[in-house]
Amino acid sequence: MSKFSDGMRTLTGGRGLSQYSMIIALVAIILVFEIWTGGYTLDPTNVINMVQQYSYILILAIGMVMLIIAGHIDLSVGSVAAFVGIVVAQSMAVWHLPAGLAMLLGLVVGALVGAWQGFWVAYVRVPAFIVTLAGQLIFRGANQVVGNSTAVPTPDSYNWIGNGFLPDFGPDFGYSNPTLILGLVVIAALIWKEVHDRRKRVRMGASPQPVWVSVVRLVLLCGITIFATFLFATGRVGTSFPIVGIIAGVLILVYSFVTSSTVFGRHIYAVGGNASAAVLSGVKSRGVNFLLMMNMSILAAVAGMVFVGNAQASGPFDGTGWELDAIAAVFVGGAAIFGGVGTVAGSIIGAFVMAFLANGLSLLGLDASWVSIIRGLVLLAAVAFDVYNKTQGRPSIIGLLLGGFRRKKPNITEEAIQAQPQGLEKPSGDQVDKVPLS
Amino acid sequence: MSRERRGTARDLPDPSAGYTLRDMVSGFGGRLRDGELGSLPVVVGLVVIAVLFQALNPRFLAPGNLVNLTLQAAPLGVIALGVVVVLLVAQIDLSVGSVSGLASAVVGVAAMRLQWPLLVGIAAAIAAGAAIGAFYGFLLTRFGVPSFLITLAGLLGFLGVQLVLLGPSGSINIPFSNPLVQFANTWFLPPWAAYVIAGVAAMGVLGAGLARRRRRLRAQLPAEHPSVSIVKAVLLLGVLCLAVWYLSLDRGTAVMPVLFLLLVVAISYLLRRTRWGRSVFAVGGNPDAARRAGLPVTRTLVTAFMICSAFAALGGVLQAARLGSATTLTGSADTNLNAIAAAIIGGTSLFGGRGGAWSAVLGVLVISAISSGLTLLNLDSSVRYMVTGAVLLLAVIVDSLSRRSRASRGRA
Amino acid sequence: MANAPILEMRGITKRFPGVVALSDVSMTVTRGEIHAICGENGAGKSTLMKVLSGVYPYGTYEGEIIYEGEEVRFSDTKQSESAGIAIIHQELALIPQLSITENLFLGNEISRFGTIDWVASQKRARELLDLVGLHEDPDALIRTLGVGKQQLVEIAKALHKDVKLLILDEPTAALNEAESQHLLDLLTGFKASGMTAILISHKLNEVQRVADSITIIRDGKTVETLDVTAGGVDEDRIIRGMVGRSLESRFPQRTPRIGETFFEVRNWTVQHPVDPDRLVCKDESFYVRRGEIVGFAGLMGAGRTELAMSVFGRSYGTYLGGEIIKDGRPIQITNVHEAIENGMGYVSEDRKTLGLNLLDTVKRATVSARLEKISRAGVVDELKEYQIAEEYRQALRIKANSVDEGVSKLSGGNQQKVVLAKWMFTDPELLILDEPTRGIDVGAKYEIYNIINQLAAQGKGIVLISSELPELLGMSDRIYTIFEGQITNVLPAEQADPESLMVSMTSTRRTRQAA
């Protein structure tokens with residue numbers, strides 16, 4: 001029993017059921033819509049469409065989860081994406097920039113916007129939500145100024161980043177060859193990683209996981225990959241795996257690595273987990289905050305450019321409500337509202353939940369009003385779930401219920417000192433002199 | 001308008017010395033030197049805005065435009081007034097726009113589709129607002145979910161409810177004959193009534209000042225010299241009469257802005273003169289200390305959110321009345337930010353505990369003046385968005401910086 | 001015993017999980033006296049007062065409280081307040097943005113028909129301020145007042161509630177000489193008008209001056225009650241009661257091998273972060289030699305932590321002046337990162353709020369202060385991380401299932417070992433330990449002492465800040481005493497004893513001048 005639950009824990013990445021629950025949510029949502037739409041949700045055409053249409057949620061969720069881990073938020077991502085999109089579109093329409101250069105310009109504009117917002121958040125310490133709330137309006141306006149409030153079409157040479165596919169080649173088996181190859185590469189990578197991880201744990205001298213855990217995990221992941229590969233490989237003629245999927249995939253890999261394995265990644269968690277302790281450990285928290293804000297806007301720029309490519313035009317209302325999709329994705333993905341907790345991988349699952357939700361609702365022909373209500377409820381539910389999780393069996397339940405409505409600032413309070421003597425190992429008679437109260 | 005706080009000398013005041021005009025002036029100068037600018041920058045900003053737009057378009061300060069401006073400002077002002085209360089308890093409500101839109105839809109549906117009596121419809125809208133606020137307050141105090149997240153979800157959710165209520169057509173027209181629309185567009189005070197109100201307000205200030213002086217003297221406290229009250233009253237009378245006269249060159253003083261000012265006076269009274277008002281400031285200033293002092297922190301937070309949402313609802317009703325319709329666009333886009341920006345520009349701190357009801361008036365004047373000026377210049381909504389965003393950011397930056405400078409001078 | 005007692009506390013025992021904070025404490029307070037409670041930090045004084053005022057409600061402690069002749073069972077502070085017991089905590093319950101008047105009546109407003117009567121409030125405010133001798137405009141905002149004046153406002157607030165028993169917890173800790181003087185005069189005045197007061201204070205000269213009787217608490221037990229009015233009680237007598245336990249062999253043996261001076265702080269002066277009128281370090285100078293354990297003794301609020309944190313990368317207060325000399329060269333350290341680079345480490349006093357990110361696992365916490373050491377091109381080598389964490393876990397005997405365990409699941413002693421591991425990993429030459437054994441049980445304490453000794457044996461300089469005199473005496477080679485932000489004395493450990501240290505910790509008076 002305990003062995004089994006240990007296995008479960010390792011299977012779910014050491015986080016127990018909470019990481020599990022969002023996968024369950026994702027599967028449930030897919031199944032519900034699959035039944036509801038009469039099997040159309042997992043139709044290859046729809047899946048390809050969905051990846052192209054909603055990849056922006058994936059890209060934004062990556063940046064958003066990093067910000068939320070560090071205890072900030074960005075409400076301006078939709079407007080920033082729209083602003084960058086229109087700048088890119090106009091640069092090609094008016095200055096006739098080549099597509100590549102236009103994309104570079106877009107990234108630079110995103111970085112500048114991020115630096116502007118990051119400066120206020122990190123160095124003047126204006127709360128991020130209000131800086132970006134203002135940014136939401138400023139860059140929405142800037143979008144309409146640059147684009148004269150009209151849609152600006154983009155050339156085909158550019159659009160491939162949004163609606164392009166991996167080029168087909170080789171003999172025709174009835175499947176898209178590059179997609180099959182990609183699928184094989186992914187499966188190979190998964191197996192290699194599992195073996196590598198096992199070896200590493202053995203070298204660490206840690207108890208190696210039971211073999212069945214590895215096998216189950218590999219079978220599951222490879223199964224999903226094979227299923228996805230066939231979905232993408234059996235689409236309409238001329239389609240294969242979308243370019244946006246590649247872009248999102250690369251970003252996910254890179255940022256997963258950054259957050260989990262680099263010094264910078266550790267600093268993000270440190271700042272979000274306990275800012276005072278982080279500073280006292282030599283973390284330059286202002287620099288971290290600045291870079292995170294800037295990074296978010298660059299990713300918003302990428303999301304905006306991809307979206308424009310798929311729509312083949314940049315419009316004045318692009319990106320409205322994107323921030324909510326991204327934030328909801330992050331919270332669905334298991335990040336904590338007060339920072340310090342969250343993973344890129346979890347947020348990606350959350351982003352898939354949001355994408356399938358949006359896709360399914362639109363397939364059902366539900367009108368915008370209900371979609372809006374449901375999205376609001378999902379955000380609230382995700383946040384409530386986090387709070388509920390936090391109150392499970394932790395001492396903070398009392399603080400929450402008795403009105404601890406605000407995060408305790410890390411200053412030396414009596415309560416904090418009082419909280420210390422719990423759980424000493426050996427309660428013995430002669431302990432009076434370490435009562436931490438004066 | 002607020003009680004003079006720091007005008008008197010720091011040492012033990014000599015009860016006979018009292019508080020004279022000179023003290024008022026020197027106290028004002030002293031505050032300036034202390035960096036406690038109060039509402040001065042806003043007033044200066046307003047003047048700058050007026051001069052700038054007047055130079056660009058001479059119709060800006062024309063009576064007709066100013067009458068429009070007062071009508072335009074009132075609904076937003078009501079919403080901003082609610083935001084002030086929530087900011088004072090160091091929380092925020094990002095959903096006031098949606099809630100106002102929802103309320104406009106409720107009134108539209110109730111009065112037009114269901115043919116309910118108008119007042120019942122309005123009451124239903126405001127009650128819906130209060131219920132939403134209570135819900136927010138409950139989530140916040142019971143579970144500790146940060147208010148900006150709850151209200152962000154609310155922003156989306158209630159926008160959806162608004163759209164559902166409006167149905168597929170997306171709008172409900174309220175005919176011009178409807179008293180609600182008439183109230184918001186054609187109800188103007190007759191000039192004599194406007195002057196009488198101005199006179200009553202001035203007399204009120206004078207009377208209250210003198211009465212306070214009498215009671216303070218009886219209590220052997222230093223009191224203002226009568227000249228202070230008289231000068232204040234005369235100044236107020238002059239300003240009000242000038243405004244009434246100038247507006248009367250066009251259609252005159254509208255009823256809706258007067259209603260807004262009455263609400264401001266009422267909230268100001270509640271904040272300054274009741275226990276509830278004290279606990280609002282205390283909770284916003286230092287919730288731990290407030291709890292230690294035995295104040296009802298939870299109740300204060302919940303009521304603050306209820307007031308905010310109820311006022312947002314009322315603002316939405318007025319908005320619908322002014323436009324003669326409830327549409328999907330009522331309360332959309334920049335209403336939210338305009339209201340929050342107005343409250344902060346007017347001098348209410350984002351960080352709680354500092355500010356007052358009158359900041360809604362000043363802030364909404366700035367926001368409406370900018371918006372009206374830009375409209376006159378034929379600049380479209382995009383520029384207005386940018387300017388509003390920039391003004392909001394500016395106000396918050398000033399707020400953050402002044403908080404830090406106060407902290408560094410040991411006054412946080 | 002001529003007067004009837006106003007308060008009797010009998011057999012009070014208060015337990016926290018794993019610790020007994022108070023064990024069978026009894027005290028009797030006579031009506032109309034000033035009753036002082038003395039004891040070392042952590043002796044249980046504040047806990048006792050929290051039991052009395054209902055912060056710890058009836059049922060969470062054992063024993064009985066007889067107040068005004070009846071047994072009382074307070075379930076919250078409101079009840080004790082309405083019974084006429086007012087407690088003024090070290091953290092004040094004032095709202096900085098509100099005026100004096102507004103604060104005085106917060107939650108207790110004078111109102112007519114539901115409207116606050118500001119005129120009556122002002123009048124009453126003036127009366128109350130006169131009573132406490134605070135000559136301030138009642139409309140002045142609290143944040144414009146210094147701590148001393150804020151304290152007076154708190155007292156005035158208590159007076160408004162018609163208090164019979166006023167409890168002051170370290171009222172003068174943050175006050176200057178004149179302010180303290182005023183406050184004590186005030187207390188004496190109140191006594192004359194029949195009020196009873198309980199005074200908790202570390203400043204024994206003050207206690208001796210104003211108190212009629214003194215209850216001494218040590219290790220959660222009442223030691224004795226001294227009758228000051230009967231005479232014969234002086235500071236030394238009180239000190240003897242406070243520290244009068246024998247030094248058991250609770251400290252591992254060590255033969256110090258002390259090298260040359262390598263770290264020196266000269267004329268260090270730091271301003272309080274929000275109150276520019278207060279200096280938390282006044283022209284302090286000290287030095288540390290290699291392989292030496294230097295103790296810093298001082299009572300709570302004396303400025304020990306402030307000194308340590310400001311030296312450690314200026315992480316506290318506003319730096320005004322002073323220099324740090326390392327290996328004979330002055331060095332500039334303006335942030336924590338530079339401090340770590342220059343071989344300094346600081347184990348903070350409060351590990352939960354300043355020392356650890358409680359969301360970390362043991363291994364992540366262990367390497368968190370010096371990630372550069374195990375990373376290449378910004379990428380953390382997880383294998384090394386694991387090995388290093390495992391090494392420290394075994395060396396320090398951290399009781400955790402594995403280094404992947406969350407630090408929040410560990411006990412206090414093991415958390416502290418993780419913090420120690422974190423700083424040992426930075427390989428500091430100078431390690432500042434701020435209350436390293438607070439809230440830790442005896443066994444773990446001994447282990448931590450062992451670790452400290454090993455570090456010293458490796459030639460590191462150790463600064464040990466502690467409130468527990470036996471610990472300082474048992475561990476240190478040399479002891480500095482701090483009082484009100486000033487270094488008052490320095491003694492070699494063999495020449496120091498609790499009494500002489502306590503004297504230098506409670507006044508600028510010096511006993512023996514050391515070399």
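Chain C of the predicted model contains 17 helices and 24 strands, where helices (H or I, at least four residues) and strands (E, at least two) are DSSP runs numbered from the N terminus. Of the 515 residues in chain C, 63% are buried, buried meaning under 20% relative accessible area with a 1.4 Å probe and protein chains only. Of the contacts (heavy atoms within 4.5 Å) in chain C between residues at least 6 apart in sequence, 67% connect residues at least 24 apart. Local features need pLDDT of at least 70 and side-chain atom pairs count only at pLDDT 80 or more, while totals for chains, interfaces and linings use all residues. Residues are numbered from 1 along each chain as its sequence is written, chains are lettered from A in the order in which they are written, and side-chain values use heavy atoms, with hydrogens and water left out.

In chain A, the axes of helix H3 (residues 44–69) and helix H14 (residues 322–332) come within 8 Å and cross at roughly 65 degrees; axes are lines fitted to C-alpha atoms over the stretch in contact, and angles run from 0 to 180 degrees between N-to-C directions. The crossing of H3(A) and H14(A) is right-handed, that is, the near helix is turned clockwise from the far one by less than a right angle. H3(A) contributes A:Tyr56, A:Ile57, A:Leu60, A:Ala61, A:Met64, A:Val65 and A:Ile68 to the contact, and residues of H14(A) in the contact include A:Trp322, A:Glu323, A:Asp325 and A:Phe331. The contact comprises 13 nonpolar residues, two charged residues and no polar ones (Ala, Val, Leu, Ile, Met, Phe, Trp, Tyr, Cys and Pro count as nonpolar, Asp, Glu, Lys and Arg as charged, and the others, Gly among them, as polar).

The structure holds 10 cavities of 30 Å³ or more, a cavity being a set of points on a 1 Å grid over the protein atoms alone where a 1.4 Å probe fits but cannot get out. The second largest cavity has a volume of about 170 Å³, taken as the space filled by probe spheres set on the points. Its lining has 17 residues, of which A:Ala270, C:Asn357, C:Asp360, C:Arg364 and C:Ser368 are the closest to the centre; lining residues have an atom within 4 Å of a point. By class, the lining of this cavity has seven nonpolar, six polar and four charged residues. Helices H11 (263–273) and H12 (275–280) of chain A and helix H12 (362–367) of chain C each supply at least two lining residues, and H11(A) provides the largest share, three residues.

A:Ser176 lies in the loop between helix H7 (156–163) and helix H8 (177–204) of chain A. A:Ser176 is buried, with a relative accessible area of 2%. Leaving out residues up to four places away in sequence, A:Ser176 touches A:Asp168, A:Ala233, A:Thr239 and A:Ser240.

How values were computed. On a 1 Å grid over the protein atoms alone, a cavity is a set of points where a 1.4 Å probe fits but cannot get out, and a pocket is an open set with protein on both sides within 12 Å along at least five of seven lines; lining residues have an atom within 4 Å of a point. Buried means under 20% relative accessible area, exposed over 50%, partly exposed in between (1.4 Å probe, protein chains only).
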